[in-house]
Every structure is written in C-alpha cells, then in structure tokens.
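Subject: The model and some notes on it

Hi there,

Here is the model we talked about, ready for you to open.

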Amino acid sequence: MRWNKKPPVKSDKTQTIRSQKRGVVGYSRKTALLEEAITQMNAGKYGRSSAALKELLALDPTNMEARRLFATLHLRLGNLLPAKHAFDSLIDEAFQRQDYWLAESLLREYLATAQRCVPFLEKLGSIYQEKGDALEAATEYGKAIDILIEDPDPENPQHASQLYAKIRDLAPVSLLHSDWLHSLMRRPANYYPVSLLKALNRSLPPHSTRAQRIQIVRLLLDRSTERCHGSFRIRMA
C-alpha cells in the first residue's frame, strides 16, 4: 500500500470539498499510520514501523493501539526494560478500568519473552484472584516463588513467604495436589530460604497429611538446624 503516492490533480471544486473535511482526513492519516506500522513490523522493518508509530503518537499521544505496538516493538528488539515500562503503564491503566481481559493479554505477551518477571507473574495471579480462579492464581504465584527462591528480592527478603501465604489463603486444598508443592518435596533443603520453609510449617492447610508436615520440618532442620531448632513446633493432624 503506497501512502506517499501523490494524488492526481483535482479541480478547485474537489479541493474545496476536501478542505472542508480536514477532520476526516486527519483521522484517516492516523489510521494509515497505524496500518503502516503494523505492516512494517510484520515485515521485520522495525525502523520504519517505529517512525510510523512516532508520527502517530505525535498526532494522538494517548492512542492505545499505537502505545501497545510500541511496547511490542521494544519487546521484539530485545529492549526489555523499555518494553517493561511501556507494558507496565498499559497494564496499570487496564487495571484501573477493570479491563482484566486486556491486562491479562498484555501480561502474557510480555511474559512470553520475559518469563522470569516476578512483578508481572504476581499481577497475573492477582487477575485470576479477581476472577475467582483460585487454582490459576496459585499457579502464577507459585511460578513467582520459584524464581524468588533462585533469585531473592533484595528489597523484600520475605517476598516468597508473602506469596506463599497468598497461595495458602486462595487454594489450600488444591495446593496439596499441585505440581508446585510436589516439586517442593523433591528438592534438596538448601534450595529454599528458611523464611519460606517456616511459612510452610506455620501455614500448611488443615487438609495436609502428617507425612507432608514431617517433610517440611525435615527440610527446615536440614536447612539451618542452629537457626531453626526450637523456633517452631511440628504441627500434626
């Protein structure tokens, strides 16, 4: 589609009619720029796509489609930090409007590339929580916990424990049958921070089995006997 092609010469009457419809022409220009940006992005011509989006946003700074495309463009170029900022802004606006479908779509698009983004996993879990889907919420929170165990949050050392508390409150029965809890039981004790193991011991759901409770305590003792011995009680069913 050649948008830069010069139009044929028109009569004065035609030019007058066109001048009376500048508002419509302005709208059409934004539509053309959006289509151009999409076409160029799909063709892998990211520079041209970026130029079209910048021009469109100069005309309409709040254009949601253009802002999302720009976020996607950053993602495709591997610019994860600018992409995260762009997606975060769009996600927050979607939350404010309670447009959870859009928020989920934005989160999943970013997480498809940056799977270890804990704040986005937590937000995705909160969307499922708002929808009343406890098991899916617990699953997303569990993914975030796994990442925090491997790479703790220096600004919030208790983050993993806080997320586990959310899982416990959301789906205590489902948790006991989830892949996440079963994988926890198979991993070595030194894989987990003491804070998370203490939280597990304190807050295991009442439906948990005696064997599961004993396993958590064993992990605690193996992890840090001096720090943990005597600081908790074994909860038996």
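Below is what turned up, going from the whole chain to single residues.

A word on conventions before the details. This is a predicted model, in which local features need pLDDT of at least 70 and side-chain atom pairs count only at pLDDT 80 or more, while totals for chains, interfaces and linings use all residues. Residues are numbered from 1 along each chain as its sequence is written, and side-chain values use heavy atoms, with hydrogens and water left out.

**The chain**

The chain has 14 helices and 0 strands; these elements are DSSP runs numbered from the N terminus, with helices being H or I of at least four residues and strands E of at least two. Of its 237 residues, 40% count as buried, where buried means under 20% relative accessible area, exposed means over 50%, and partly exposed is in between (1.4 Å probe, protein chains only). Contact here means heavy atoms within 4.5 Å. Taking contacts between residues at least 6 apart in sequence, 54% join residues at least 24 apart.

**The cores**

A nonpolar core is a set of buried Ala, Val, Leu, Ile, Met, Phe, Trp, Tyr and Cys residues joined through side-chain atoms within 4.5 Å. The largest one has 34 residues, and Phe87, Tyr110, Phe120 and Ile145 have the most contacts inside it. Two or more residues of this core come from each of α4 (64-76), α5, α6, α7 (118-131), α8 (134-150) and α9. The largest share, 8 residues, is given by α8. Another core, of 12 residues, lies apart from it and includes Ala52, Leu57, Ala66 and Phe70.

**Two helix pairs**

How do α4 and α5 run relative to each other? Their axes come within 8 Å and cross at roughly 150°; axes are lines fitted to C-alpha atoms, for helices over the stretch in contact, and angles run from 0 to 180 degrees between N-to-C directions. The pair is therefore roughly antiparallel, given that angles over 145 degrees count that way, those under 35 as roughly parallel, 65 to 115 as roughly perpendicular and the rest as oblique. Residues of α4 that meet α5 include Met64, Ala71 and Leu75, and among their partners in α5 are Leu80, Phe87 and Leu90. By class, this contact has 9 nonpolar, 3 polar and 3 charged residues. For these classes, Ala, Val, Leu, Ile, Met, Phe, Trp, Tyr, Cys and Pro count as nonpolar, Asp, Glu, Lys and Arg as charged, and the others, Gly among them, as polar.

The axes of α6 and α7 come within 10 Å and also cross at roughly 150°, so α6 and α7 are roughly antiparallel too. Their contact includes Tyr100, Leu107 and Tyr110 of α6 and Phe120, Leu124 and Ile127 of α7. This contact has 10 nonpolar, no polar and 5 charged residues.

**Two single residues**

Histidine 159 is in helix α9 (residues 159-170). Its relative accessibility is 11%, so histidine 159 counts as buried. Leaving aside neighbours within four places in sequence, histidine 159 touches Val118, Glu122, Leu148 and Asp153.

Glutamine 98 sits in the loop between α5 (80-96) and α6 (100-111). With 57% relative accessibility, glutamine 98 counts as exposed. Glutamine 98 has a positive phi of about 60° although it is not a glycine. Most residues other than glycine have a negative phi.

Best wishes
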